[in-house]
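Please keep the sequence and the model open while reading.

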Amino acid sequence: MCINRFITGVFSLFFVLLFWGCGSSDDIQYEPFFSDNKANVVLLTLQDEEGRTIDCNRLLSQNAFSVYGCQSRKFISVNAFKPNKEKAEICLRFNAELPDKKNVRLSQDNQFYVGNAAMKLCIDGKSVQIGFHFSFPNRYDDRVYPFLADSVSYNNTTFLVKRTSNFVFLTLRKNVEGGFDVVKQ
C-alpha cells in the first residue's frame, strides 16, 4: 500500500515537473509596475495633412484604428471621447501601457523609478510605434504620486507630454508620405 502511494507520488511529481518545464522562454510574463493605470489616459487627436481633425468615429466603426501593447502583447481598448463639451472635436481615448515590472529601475540618483513602454498604433493601415517614458518618486504611495508618463518617443525624438490631471494629450498629423508626425503642443 505504501509503495503504491510512493509510486503515485513520484509519477505525479514527474508530470508536474514535466508540464511546468514545457513553457518556452518566449512565454509572455508581463506584469505591469502598477495594476492601476487611471492616471495615464491618452487622448489622441489625429489630423490630416492640412491639420483638420480626422473623424475618429469613422476610424473606429471601420476598424481602421487599433492600439497594441508591445509588452503585454495584447490589444488595448479604445473609444471615442469628447474632452471639451463646447468644442465638436472628438479624440481617441485609451490607457497607455505601463512598463513591465522587471524593466523598471531606479534613476542614477535613486530619486525616481523609471521605465518605458511601447505601443503600436494602426491608423488606416499605417503602423506607428510610440514609446512612453514613466517616472515615479522613490516613495511608495501611489495615491499621492501616481506612476505618470512624462514624455513620448516617436521617430527617435522625445517630446514632453501635455498633461492635465489624468490625461496625456497627443496629436498626430498625417504627412505627405502617408505616415504620421507628432504635433508639438
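Phe65 touches Leu44, Leu46, Leu59, Leu60, Val78, Leu92, Phe94, Leu121, Cys122 and Ile123, leaving out residues up to four places away in sequence; contact means heavy atoms within 4.5 Å. The model is predicted, so local features need pLDDT of at least 70 and side-chain atom pairs count only at pLDDT 80 or more, while totals for chains, interfaces and linings use all residues. Residues are numbered from 1 along each chain as its sequence is written, and side-chain values use heavy atoms, with hydrogens and water left out.

**Nonpolar core**

- The largest nonpolar core has 31 residues, and those touching the most other members are Leu44, Leu46, Phe65, Phe94, Leu121, Ile130 and Phe132.
- A nonpolar core is a set of buried Ala, Val, Leu, Ile, Met, Phe, Trp, Tyr and Cys residues joined through side-chain atoms within 4.5 Å.
- Buried means under 20% relative accessible area, exposed means over 50%, and partly exposed lies in between (1.4 Å probe, protein chains only).
- In soluble globular proteins, nonpolar side chains tend to be buried together.

**Aromatic pairs**

- The whole structure holds 2 aromatic pairs. Rings of Phe, Tyr and Trp (its six-membered ring) pair if their centres lie within 6.5 Å, and planes under 30 degrees apart count as stacked, over 60 as edge-to-face and the rest as tilted.
- Tyr68 and Phe75 make an edge-to-face pair, with 5.1 Å centre to centre and 65 degrees between the planes. Tyr68 is partly exposed at 25% relative accessibility, and Phe75 is exposed at 61%.
- Phe132 and Phe134 make a tilted pair, with 6.4 Å centre to centre and 45 degrees between the planes. Phe132 is buried at 1% relative accessibility, and Phe134 is buried at 0%.

**Salt bridges**

- The whole structure holds 5 salt bridges, each defined as a side-chain nitrogen of Lys or Arg within 4 Å of a carboxyl oxygen of Asp or Glu.
- One of them joins Lys101 and Glu31 (3.5 Å, N to O). This pair links distant parts of the chain, 70 residues apart: Lys101 is in the loop between β5 and β6, and Glu31 is in the loop between α1 (2-20) and β1 (41-47).
- Helices (H or I, at least four residues) and strands (E, at least two) are DSSP runs, numbered from the N terminus.
- Asp48, Glu50 and Arg52 are linked in a network of salt bridges. The closest N and O atoms are 2.9 Å apart between Asp48 and Arg52, and also 2.9 Å apart between Arg52 and Glu50.

**Loop around Asp100**

- Asp100 lies in the loop between β5 (91-95) and β6 (105-106) and is buried at 6% relative accessibility.
- Beyond its neighbours within four places in sequence, Asp100 is in contact with Gln29, Tyr30, Glu31 and Gln71.

**β9-β10 hairpin**

- β9 and β10 run antiparallel and are joined by 4 bridges; two strands pair if DSSP finds at least two bridges between them.
- The two strands form a hairpin with 2 residues between them, and Asn155 in the turn has a positive phi of about 50 degrees.
- Asn155 is exposed, with a relative accessible area of 52%. Beyond its neighbours within four places in sequence, Asn155 is in contact with Phe180 and Asp181.
- Ala149 lies in strand β9 and is buried, with a relative accessible area of 2%.
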